Amino acid sequence: MTAINAHGTHRRLMLYSKEKQIFVKGTVSAVTNNVAVNVSKYQKTLHGFAVIDRQTVHVVGTENAVDDAADVPQHCLDTKTDVTQVLWCTLGYINCLVVTCSEGLIIYDCDKQFKRIYTHNCEDKNMKEKYAKGIAAFECTYLCVGNSNGSIRVFGPDEDGQVVFLDRKLFHGAPITDMSSYKHNLVSCDESGCTVLSQIDCGELMIIARSKMFGGHPCTTTEMTRVGLMAVGYGCGTIRMFDPAVKIINGDAEDQLPMIVQISAHARCITSMSAAKDADLLLSVSEDSWIRVWKISSTVIIMNRNIFCKLPMLATILPFQTITLVYCYMKEDTMFVGCQFITRNGSKFCTTAYDSQYITCYTVNQL
């Protein structure tokens, strides 16, 4: 089977099939990006899943397959407040599960039976902060957390390895919905449809560029690819991509981050996306019951200038991105709320759906 991209060329489709279902002792809540997977950097195996069930985070492993799930214990982390997002990361030497909720931030130590090691209440009546959402980590050193008033808080380990608060910056004018990081770059998006690119230096965030709002459709999810491209999903079903290396000189401050690719990816709100760590693949799910996998390809275009001038010819090198649909699957009457690749090369991924008790895993048959 082949797919045709925007240039009329053919690309072989990837064929995924259902591998297994992971049982959860609860039901999946209707929040965006509702699944987190702990993927080791050195072992291409799955270590664990985490899903949100209202005020509880269920932590399960691959051994919790449907056939033998009854005898396998699961960690149920009761936060006593509505959970908004979860993320596995490493801070210093601590393997952490980071949880954002309506009261702030909670960090659990995964190596100590998910002991709560740090909490931070984001509520600030003067700043109108009511809840936290959006989590991103930087190379085991810094942790960024978004808030409902548009601010971003930065955390990191101190000299003793303890997590401490470092910085706070107000970059958005609307509640932050999601964040993602790549090297020193941070992409954050909000309910107004604005995307902000910032960089972290010695624990301090500095804004670099900002996109326009594209008709005011809210951003719901964002990912940074392995080469640093920014992918943003919207409530209207569109995926837009931005390149941090491309900026408008002397342009409007609201449009310093130009869009390089736009896709009508889904018919309804995109609820989650995931980028493969070691492959140019982007996974997306939506309320429209569709799962889609996209292949991102880069092409370099050389444009000649001064053609009609007697001066020596100059050349401008422009990167050109194309996105091709390589896999799609529709599960009828299903509102997907989470997805993530569970191998670094994109050969396996998982999805979650609202009001379901299962995490469904898929594996590729052909690459």
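Tutor: A residue is called buried if its relative accessible area is under 20%, and exposed if that area is over 50%; between these limits it is partly exposed. Please bear in mind that the structure above is a predicted model.

Student: How confident is the prediction, and where is pLDDT under 50?

Tutor: pLDDT expresses the predictor's confidence in each residue, from 0 to 100. In this chain the average is 85, and 81% of the residues reach at least 70. Two stretches should be read with caution. Residues 42-46 stay under 50, and the model gives them nine contacts beyond four places in sequence. Residues 305-318 also stay under 50, with 22 such contacts.

Student: Which residues have the most contacts inside the largest nonpolar core?

Tutor: A nonpolar core is made of buried nonpolar residues joined through their side-chain atoms. The largest one here holds 18 residues, and those with the most contacts inside it are Y16, L281, L283, I291, V293, F341 and F349. At least two residues of this core come from each of the strands β25, β26, β27, β28, β29 and β30. Another core lies apart from it; its 16 residues include I52, V59, V83 and W88.

Student: What is Y16 in contact with, leaving aside its neighbours within four places in sequence?

Tutor: Among the partners of Y16 are L281, V293, Y327, F341, F349 and Y362. Y16 also belongs to an aromatic cluster with Y327, Y329, F341, F349 and Y362.

Student: How should I read a pair of aromatic rings?

Tutor: Such a pair is described by how far apart the ring centres are and by the angle between the planes. Centres must lie within 6.5 Å; planes over 60 degrees apart are edge-to-face, under 30 stacked, and the rest tilted. By this rule there are 12 aromatic pairs here. In one of them, Y118 and F155 have ring centres 5.9 Å apart and planes at 70 degrees, so this pair is edge-to-face. Because Y118 lies in β11 and F155 in β14, the pair ties together parts 37 residues apart in sequence.

Student: Are F155 and Y118 buried or exposed?

Tutor: F155 has a relative accessibility of 1%, so it counts as buried. Y118, at 15%, is buried as well. Now consider Y329 and Y362: their centres are 6.2 Å apart and their planes stand at 55 degrees, so that pair is tilted. It links β27 with β30, parts that are 33 residues apart in sequence. Y362 is buried at 3%, whereas Y329, at 30%, is partly exposed.

Student: How is strand β14 joined to β15?

Tutor: Strands β14 (residues 151-157) and β15 (residues 163-170) run antiparallel and are joined by seven bridges. P157 stands opposite V163. The hairpin has five residues between its strands, and G161 takes a positive phi near 85 degrees.

Student: Which residue other than glycine has a positive phi?

Tutor: In general, most residues other than glycine have a negative phi. K80, however, has a positive phi of about 65 degrees, and K80 lies in the loop between β7 and β8. Q113 has a positive phi near 55 degrees and lies in the loop between β10 and β11. K80 is exposed at 64%, and Q113 is exposed at 63%.

Student: Where does the charged end of R240 sit?

Tutor: It sits over the ring of Y234, 4.6 Å from the ring centre. R292 lies over the face of W290, at 4.7 Å from the ring centre.

Methods. Residues are numbered from 1 along each chain as its sequence is written. This is a predicted model: local features need pLDDT of at least 70, side-chain atom pairs count only at pLDDT 80 or more; totals for chains, interfaces and linings use all residues. Side-chain values use heavy atoms; hydrogens and water are left out. A nonpolar core is a set of buried Ala, Val, Leu, Ile, Met, Phe, Trp, Tyr and Cys residues joined through side-chain atoms within 4.5 Å. Buried means under 20% relative accessible area, exposed over 50%, partly exposed in between (1.4 Å probe, protein chains only). Helices (H or I, at least four residues) and strands (E, at least two) are DSSP runs, numbered from the N terminus. Contact means heavy atoms within 4.5 Å. Two strands pair if DSSP finds at least two bridges between them. Rings of Phe, Tyr and Trp (its six-membered ring) pair if their centres lie within 6.5 Å; planes under 30 degrees apart count as stacked, over 60 as edge-to-face and the rest as tilted. A charge sits over a ring if NZ of Lys or CZ of Arg is within 6 Å of the ring centre and within 35 degrees of the ring normal.
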